[in-house]
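Here is a short briefing to read with the model open beside you. Please take a look at the chain before going on.

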Amino acid sequence: MSTVAEFHPAPAHSAPATRLLKIGQLAARSGLTARNLRFYADAGVFGELPRSPKGYRLFPPQAVQWVRILKASQAAGFSLDEIQELLRALRQDSAPCAHVRDALGGKLRVLEGKLAEIQLLVEILRITLRTPDGQSSDLGCNLMETLLNEAKRLPALTELRA
């Protein structure tokens, strides 16, 4: 189903808050530049948008919220494709919370994995830096020998050995 049908211009007697916004109006209300909004619109983040008779993009009033979601999602580490999917769910799903919960849970698992890897890297570097200076028989530096030994614990190196 096309999302264009969702955004009909409001009748003249409607409250101004229900009117579609031109890109400059959305920029003023959202804090993003018109150039950035065009980029996101061209990337499909906002779904299909209607156009005015003169060809200007028209945004529904809820696009201000979409921009807030976009900014928060970017800050949380979501990719543009992931944000596009989140916003699609919010616009079209009858129960978007389940989709949002799944996306947030998935992002949390990814970040927890990265955090564990960073904590392991910090531990490896601390152990390596506690190694006394000196020349090893093979590498010429005890620090590098310790680093090579400790790095065996890194998942990336374990995958390479497999």
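Predicted model: local features only at pLDDT ≥ 70, side-chain atom pairs only at ≥ 80, totals over all residues.

Residues are numbered from 1 along each chain as its sequence is written, and side-chain values use heavy atoms, with hydrogens and water left out.

**Overall fold**

- The chain has seven helices and zero strands, where helices (H or I, at least four residues) and strands (E, at least two) are DSSP runs numbered from the N terminus.
- Along the sequence, the pattern reads α-α-α-α-α-α-α.
- Of the 162 residues, 28% count as buried; buried means under 20% relative accessible area, exposed over 50%, and partly exposed in between, with a 1.4 Å probe and protein chains only.
- The chain's accessible surface is about 10,800 Å², and 57% of that belongs to carbon and sulfur atoms; areas come from the Shrake-Rupley method with a 1.4 Å probe, and for residues only the protein chains shown count as cover.
- Taking contacts (heavy atoms within 4.5 Å) between residues at least 6 apart in sequence, 48% join residues at least 24 apart.

**The nonpolar core**

- The largest nonpolar core has 21 residues, and those with the most contacts inside it are Leu26, Leu37, Val45, Phe46 and Phe59.
- Helices α1 (23-30), α2 (34-42), α3 (63-75) and α4 (80-92) each supply at least two residues of this core, with α3 giving the most, five residues.
- Such a core is a set of buried Ala, Val, Leu, Ile, Met, Phe, Trp, Tyr and Cys residues joined through side-chain atoms within 4.5 Å.
- Val45, leaving aside neighbours within four places in sequence, touches Tyr40, Leu70, Leu80, Ile83, Gln84, Leu87 and Arg91.

**Helix packing**

- Axes here are lines fitted to C-alpha atoms, for helices over the stretch in contact, and angles run from 0 to 180 degrees between N-to-C directions.
- Angles under 35 degrees count as roughly parallel, over 145 as roughly antiparallel, 65 to 115 as roughly perpendicular and the rest as oblique.
- The axes of α1 and α2 are 9 Å apart at an angle of about 110°, so the two helices are roughly perpendicular to each other.
- On the α1 side this contact uses Ile23, Leu26, Ala27 and Ser30, and on the α2 side Ala34, Leu37 and Arg38.
- α1 and α3 have axes that come within 10 Å and cross at roughly 55°, so they are oblique to each other.
- Leu26, Arg29 and Ser30 of α1 meet Ala63, Val64, Val67 and Lys71 of α3.
- For α4 and α5, the axes come within 8 Å and cross at roughly 160°, so this pair is roughly antiparallel.
- The α4 residues in that contact are Glu82, Glu85, Leu86, Arg88, Ala89 and Leu90, and the α5 residues are Pro96, His99, Val100, Ala103 and Lys107.

**Residues to look at**

- Ser73 is found in helix α3 and counts as buried because its relative accessibility is 8%.
- Beyond neighbours within four places in sequence, Ser73 is in contact with Phe78, Ile83 and Leu86.
- Val110 lies in helix α5 (residues 96-129) and, at 43% relative accessibility, counts as partly exposed.
- Val110 and Gly77 are 33 residues apart in sequence, and their C-alpha atoms are 9.9 Å apart in space.
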